[in-house]
Amino acid sequence: IVGSGALTVPMESATLDIPRLLTDPTASWRGENDPITEGDPTFGAAQLTARSLACLVSVPNELLLDSPVAGNFITSAITKAMAVAMDTGALMGTGTVNQPLGLVNRPDIGKYSMGQNGAALVDWSTFVKVAGQIAGANGPIEGLSYILASRDYTTVEGLTDTLHQPLRKPDVVGKMTGFTTSKIPTNLTQGTAPNASFGVCGDMSQVILGIRQAFTLEVSREAGAAFQNNQTLIRAILRMDVSVQQPKWIVAIQGIIP
């Protein structure tokens, strides 16, 4: 989610309000010396509330002593697990059970359906239509990113023409950057299709990651029962939340099937 362009904002307290533009200002033509008509945009705010993401691992001290690479190996695995969990929360968090509200579960972001029973990504036309939808909301058509399930990312990157050559991307798609994650499910229901997934496409710089406590790794041989059990405890903590400034500039593509 960070690589696709999401912005990080430090939070000085457990909550932070970020500004949102609910309706665009309008411009109008005027005569010389005539007063300027006010554009009357509508402003709002989205509140970030720090939510805690954590991982705790106990490691036998014998392992750390006998293997000089064990410590780095374990902390690398913890770091990757935290990154995957952060991506999952930002994309599809429920907003309940201490999770952030993920992009695809936000009622105000753009939606693009692949049809009542879903459809496969057989060419690049879906991404062209999504770019047009974003442009229709006064959004940009350059600098967009898309995030797909690993299954669907492989599909689009392997698209070929009738001569079995890589399928040329339209200009607007060629300027997009693609990302993939294994955590987007591929067993969602879309009508009669039991194997649907979703994708996200848009200006990901509109995604705000509020960071109250940056990713922190802490180690202790005394906490809990670690001393008694001759263990080392490794704890990872991250406190953050997710929001969107211009929701219509991000579109959830729903009902992608293989």
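Strands here are DSSP runs of E, at least two residues, and helices are runs of H or I, at least four residues, both numbered from the N terminus. Two strands pair if DSSP finds at least two bridges between them. C201 has V251 in β12 as its bridge partner.

This is a predicted model, where local features need pLDDT of at least 70, side-chain atom pairs count only at pLDDT 80 or more, and totals for chains, interfaces and linings use all residues. Residues are numbered from 1 along each chain as its sequence is written, and side-chain values use heavy atoms, with hydrogens and water left out.

Next I checked the other partners of β9. Strand β6 (residues 145-149) pairs with β9 in the antiparallel sense over four bridges. There, S145 stands opposite G202. Strand β8 (residues 188-190) is antiparallel to β9 and joined to it by two bridges. L188 faces A196 in β9. The β8-β9 hairpin has two residues between the strands, and G191 takes a positive phi near 65°.

Is β9 covered or open? I found it mostly covered. Eight of the 10 residues in β9 (193-202) are buried (under 20% relative accessible area; exposed is over 50%, partly exposed in between, with a 1.4 Å probe and protein chains only).

Then I moved to K175, in the loop between α5 (171-174) and β7 (177-181). K175 is partly exposed, with a relative accessible area of 45%. Leaving aside neighbours within four places in sequence, K175 is in contact (heavy atoms within 4.5 Å) with E142, G143 and L144.
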